[in-house]
Amino acid sequence: MSSRKIFAGGPVATMDGDAPYGLLPDGAVAVADGLIAWVGAASDVPTAFEGYEKHDLKGRLITPALIDCHTHVVYGGNRAREFEMRLQGATYEEVARAGGGIVSTVKATRAASLDELVQDALPRVDAMIAEGVSTIEIKSGYGLDLETELRMLRAARQIAILRQIDVQTTYLGAHATPPEYKGREDAYIDEVVLPALDDAHAEGLVDAVDGFCEGIAFQPHHIARVFDAAKALGLPVKLHAEQLSNLGGAKLAASYGALSADHIEYLDEDGVIAMADAGTIGVVLPGAFYTLRETQKPPIDLLRQHNVPIALATDCNPGSSPLTSLLLTMNMASTLFRLTPEESLAGVTRNAARALGLADRGVVAQGLRADLAIWDVSHPSELAYRIGFNPLHTRIFGGELCSA
């Protein structure tokens, strides 16, 4: 198939510029050698592109391909039984005593081989691809020992080989304290988190480093130790912060120039200002909010007021967000958090790219990666409006048409 193509005959939501959605009502996009060669009004296509393979959009919408910037898509087992128990009235303690909670996922993940982790994750990844996703972030964090954390990251790298999708890996050793280190968080960091980070970095398995700063996880001084190690290795950081309480995690992350602070339901204005000053993206995760039936919403108005870009992600994980649909995530963000449809689309394109430190995608602009999605809709607001409906027509990955 030709590596030089031009798509015309429909609207293009570039997600760039001052117009809403960066919308070109009758646009055209030329791609060559995996990059966007030109974008503009269909009436203005330069003669230099006359020889390109022509694709008629027939009124369909083009957007940047979607980006899921926060997932835990690699893990062992599932927690459907735990979900059922909670609905039948079991308390968190009762679920935990029955072997549920993160301990069950850690046990299943440790028991899974590399191939089993990959094969279990692929259906979830395929569901994302089928909705126009071109880039996903995959975290470790369910091994909580050196061997399994590395195996999770290797599985994430393998997924990028087996599927037409770009995978950004995040090391999340500081996700929880495993049972064998209960009450000995510093020892766990010394003996597992930091050595595993060194080994993963040496093997080329890590693109960024994350942690969970929360009363049920790690305190800020623990996270600072992990971030110091990441900084010494030249790795960017991000943080699960202010999900259940306000420990100042977002402010701490911002002090390290973090790519993002994620969840942030209990974020206060001081934290928002720190994020704004540092250029840290706010990632909101409505799937977890919905699944946990939370009532504390992230401070969307404060983020807007201080010009902190808002990204969205599925937070796909077996416990608090067994969600693989970014389209549903967009609808949830608009319905539950009152993001506009334009903000929701920016959250899974332009701002999601920024949350991963990727400057080469997320908008339709000359010189960027030709990762695009063509939709059977006439206006971008339809993507956040519909519930349980996938209007993807074609996904373009690196300039090539590919099947979902």
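Author: Let us talk about the confidence of the model and then about some annotated residues.

Reader: Ok, what is the average pLDDT of the chain?

Author: This is a predicted model, and its chain averages a pLDDT of 96, with 98% of the residues scoring at least 70.

Reader: And which element has the lowest mean pLDDT?

Author: That is helix H2, residues 92-97, with a mean of 69, whereas strand S6, residues 66-68, has the highest mean at 99. Where pLDDT is low, the predicted coordinates should not be read in detail.

Reader: Changing topic, which residues does the "binding site" annotation cover?

Author: According to the unreviewed UniProt entry, that annotation covers Tyr142, Asn317 and Gly319. They are spread over 178 residues of sequence, and yet they cluster in space, with a largest C-alpha distance of 11.3 Å. Of these residues, Gly319 is included in the lining of the second largest pocket.

Reader: Where is Tyr142, and is it buried or exposed?

Author: Tyr142 sits in the loop that lies between strand S7 (133-139) and helix H5 (146-162). Its relative accessibility is 4%, which is under 20%, so Tyr142 counts as buried. Leaving aside residues up to four places away in sequence, Tyr142 touches several residues, among them His72, Tyr75, His175 and the annotated Asn317.

Reader: What about Gly319, where is that one and what does it touch?

Author: Gly319 is found in the loop between strand S13 (310-312) and helix H12 (326-337), and it is buried, with a relative accessible area of 11%. Beyond residues up to four places away in sequence, Gly319 touches Arg79, Arg86 and Thr291.

Technical notes:
Residues numbered from 1 in each chain as written. Predicted model: local features only at pLDDT ≥ 70, side-chain atom pairs only at ≥ 80, totals over all residues. Heavy atoms only, no water. UniProt positions renumbered as here; feature names shortened; annotations may be inferred. 1 Å grid on protein atoms, 1.4 Å probe; cavity = no way out; pocket = protein on both sides within 12 Å on 5 of 7 lines; lining within 4 Å. Helix = DSSP H or I, 4+ residues; strand = E, 2+ residues; numbered from the N terminus. Buried < 20%, exposed > 50% of the residue type's maximum accessible area, 1.4 Å probe, protein only. Contact = heavy atoms within 4.5 Å. pLDDT = per-residue confidence, 0-100.
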